[in-house]
Amino acid sequence: MTAVHRFLKAHLIMDQRVNVKWSLHFLLFSLLFGASFGEVRYVLPEEMQRGSVIGNVARDLGLEVMELDARRARVVAEGTRQLCELDTASGNLLISQRIDREELCAQAAVCILQYQLLLEDPLQAHSLVLDIADINDNTPVFAAGEIKLDLVESTVLGRRFPLEGAHDPDLGTNSVREYKLSPNEHFALEMSSQINGNAYPELILKKALDREVQAEHVLKINGIDGGNPVRSGTASIHIRVLDANDNVPVFSQRVYKASVPENSAIGTVIAALNATDLDDGIYGEITYSFSHLSDKMGGVFEINPLSGEVRVAGSIDYEEAVTHELGVQAKDGGGQASHCKLVIDVIDVNDNEPVIEIKSASANVAEDSKPGTMVALINVYDLDTGNSGRVTCSISDNVPFNLVSEVKNYYMLVTDGILDREFQPEYNITVTATDAGSPPLSGVKVITIVVNDVNDNPPTFTHSQYDASILENQPIGTLVMKVKAEDIDDGSNAKIIYQISRDTNSEVSSFLTINSQTGELFTSRLFDYEQSVHFQIKVTGRDGGDPPLSSTCTVNVFIKDQNDNAPVVLYPVQTNGYIAEDVVPSEAPRGYLVTKVVAVDADSGHNAWLSYRLIKATRPNLFMIGLHTGEIRTVREFMEDDEPKHTVLVLVTDNGPESLSATVTVSIVIGDGLPVLNELFEFADESPDSDNLTLYLIIALAAVSSLFILLISGVFYFKLCRRGYVYRSTTATLPVFPTAYCPPSFTDLSRCGTLLKDERYDSFLTTGSWRGDFRFGSNTDTDTLKRSAAYQKSTLRRASTDRATLKVRAGASHPCYVVT
């Protein structure tokens with residue numbers, strides 16, 4: 001508003017005839033009317049200094065200054081140069097470039113510049129209209145510094161000679177207002193008006209010319225404008241007095257009108273002007289020329305000096321000027337001339353493609369953005385007029401975006417569907433603007449929109465369940481296996497951190513450690529197959545999103561057995577120097593079963609497959625032992641010179657890669673008068689009962705195997721992990737072993753309690769073992785076991801009064817096992 005007041009003040013000084021009150025009321029009404037409809041009009045003089053304040057937009061539109069920065073307010077031009085800018089800190093509209101009214105609007109009566117004040121979030125547009133007022137910044141200039149006239153001496157008094165007026169680009173009072181002629185006695189100067197109201201000077205002959213008295217006259221003419229201060233231009237008039245040429249050229253029309261389409265080809269005839277002169281000879285020869293052409297029009301039109309045809313000489317652009325007014329002069333050979341006006345209307349054609357300008361664009365949009373989220377603000381306009389200037393805008397199909405227009409020529413590109421970065425991470429949206437011309441023209445612009453990732457996909461393990469195996473006794477830190485999860489999100493949302501799940505049993509979770517970056521699982525303790533053969537943990541993969549997402553997999557770890565346990569001898573029991581003695585009849589034949597060494601190995605499989613060997617005996621050729629049964633039998637019949645008591649040293653070895661062993665000393669006493677049992681004789685004839693026994697054993701073996709398979713299947717199905725019970729003697733020197741390796745027919749009579757059966761019990765039957773009386777777990781051989789037990793008990797009672805090989809000694813510090 002400050003600029004408006006300054007202009008009004010200057011305007012009042014320049015022209016005292018302006019009605020001050022009416023101007024103020026009109027200006028105030030215009031501003032109020034524009035603001036009420038989202039439009040503010042500012043009137044400002046041209047040539048203001050850069051940085052000058054045009055007006056306070058925020059105050060005039062009723063906006064808060066703080067809103068301008070927050071809503072990214074800016075001023076944009078519609079197809080014109082950006083001559084002003086917005087100071088968002090103060091809300092002032094400032095001059096950013098030199099404003100020359102004559103350059104922008106030529107000699108148009110009203111010079112209007114249209115701008116838009118755009119605010120975002122929400123989108124809002126206000127129209128800013130700058131009315132550029134003229135100031136007196138141009139001096140009147142004559143087209144020719146010297147005007148030449150040839151007048152015959154017979155020219156009648158009062159004859160008028162039109163002169164080409166001075167050209168002043170300014171308007172109104174700032175344009176040429178009067179002309180002054182230097183003092184002389186022959187000529188006077190008067191003003192005349194054309195049809196369009198333009199004034200031009202005419203030279204009037206007041207006193208008859210006499211060539212013989214004065215052949216030449218030199219005058220000065222001044223063109224003076226009405227500005228303040230006054231500006232003027234000067235030209236000289238050189239008049240030659242000739243013999244009589246009493247007719248001037250006369251145009252058939254004082255004003256010619258023509259039209260030409262823009263972009264017409266060079267050489268296109270626009271109009272043909274015609275002037276006649278009644279004189280003959282040189283005085284009747286007419287030459288046509290433009291009386292004044294601006295710099296812009298100088299290369300656009302040309303006139304044939306002889307025929308008067310006006311042709312196109314350059315590019316004609318409707319968008320630069322709609323109408324051209326040209327002054328044409330016809331001069332005869334005597335120097336007399338007349339003038340006419342040629343008005344050329346330019347016809348608009350559809351020669352401008354619609355222009356697409358991205359006023360605001362966000363190159364990224366989150367994939368979880370709601371439909372209707374604005375992505376870009378687009379301004380579309382066409383420099384053509386009429387149908388050629390009406391523009392429709394569209395975007396490519398099959399994209400989840402849409403165009404919404406709430407302000408003329410402005411479109412918002414908004415989301416119109418669900419975005420999924422994993423399906424399509426980027427969109428190249430083609431915006432097409434098409435006008436309604438014939439033929440229609442189109443403008444195209446591609447907007448690239450990148451879909452930003454959000455954490456909407458949890459990690460996924462390659463397997464829901466992993467199985468791994470590891471040998472027992474491996475050092476801490478041994479790699480067990482590697483789990484892997486994948487996340488189809490991007491960036492930190494796809495970075496996976498691995499950890500042991502909290503759902504895992506607190507004790508089991510300490511068995512392994514995990515590399516949080518790679519998913520590698522390492523041991524954090526030593527594993528003992530004899531304590532645990534299987535455990536299960538859960539691993540969680542969590543991504544780096546906010547909030548994070550996770551998934552879980554199950555890892556089954558199976559402990560593989562190593563040969564780390566030496567065989568343990570169960571029978572005969574030997575502690576603190578006590579060795580149980582076995583009694584054999586002196587009449588025992590060759591192959592008679594003396595006793596059986598019973599040993600177990602806490603390992604499993606081949607590591608628990610035991611072999612028995614005699615490494616030392618009182619008589620080397622008297623006894624032998626079964627390689628896999630541990631049965632000690634006679635090699636020959638006893639002789640009279642044989643010692644009554646024998647000691648045999650047995651080596652028990654397992655079948656591991658690096659075998660372990662144990663030794664046991666067997667004490668054998670030869671007893672007289674004891675009966676010989678055929679059941680203990682290896683070479684006894686087999687009866688039909690023996691065949692039936694074999695069949696029963698096969699059936700029993702099949703049944704036990706089936707139950708064993710069902711038991712193992714049940715264990716894996718319910719994923720149970722149990723530790724075997726450890727049976728310990730109160731004597732520290734005795735071996736410790738799980739019940740899995742005790743025959744189910746043995747009973748612990750010590751303070752440890754009764755041995756329990758275990759699902760990890762391994763049964764091994766070797767060649768010839770069915771013939772022994774120490775067979776384990778066979779219900780089909782019950783009678784034989786009973787008979788053998790009864791026989792052993794009676795024999796032992798007769799062989800020794802105070803010692804019993806298989807009984808519990810009162811107060812003993814070690815466990816003793818008997819056959820049940």
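A disulfide is taken here as a pair of cysteine sulfur atoms within 2.5 Å. By this rule the count comes to one disulfide, and the model it sits in is a predicted one, where local features need pLDDT of at least 70, side-chain atom pairs count only at pLDDT 80 or more, and totals for chains, interfaces and linings use all residues. Residues are numbered from 1 along each chain as its sequence is written, and side-chain values use heavy atoms, with hydrogens and water left out.

**The disulfide and the cysteines**

C105 and C111 are joined, with an S to S distance of 1.9 Å. The torsion about their S-S bond is about 60 degrees, so the disulfide is right-handed.

| Cysteine | Relative accessible area |
|---|---|
| C105 | 17% |
| C111 | 0% |
| C340 | 5% |
| C553 | 1% |

**A four-stranded sheet**

Now to an open sheet with the strand order β24-β26-β29-β28 and antiparallel pairing. Strands are DSSP runs (E, at least two residues), numbered from the N terminus, and two of them pair if DSSP finds at least two bridges between them. The edges belong to β24 (355-361) and β28 (401-407); each has a single partner strand, so one side of each is left without a neighbour in the sheet. On average, neighbouring strands here are turned by 30 degrees against each other, direction ignored, with axes as lines fitted to C-alpha atoms.

Six bridges link β24 to β26 (residues 374-381) in the antiparallel sense. Within this part of the sheet, A361 stands opposite A376 in β26.

Methods
Axes are lines fitted to C-alpha atoms, for helices over the stretch in contact, and angles run from 0 to 180 degrees between N-to-C directions. Buried means under 20% relative accessible area, exposed over 50%, partly exposed in between (1.4 Å probe, protein chains only).
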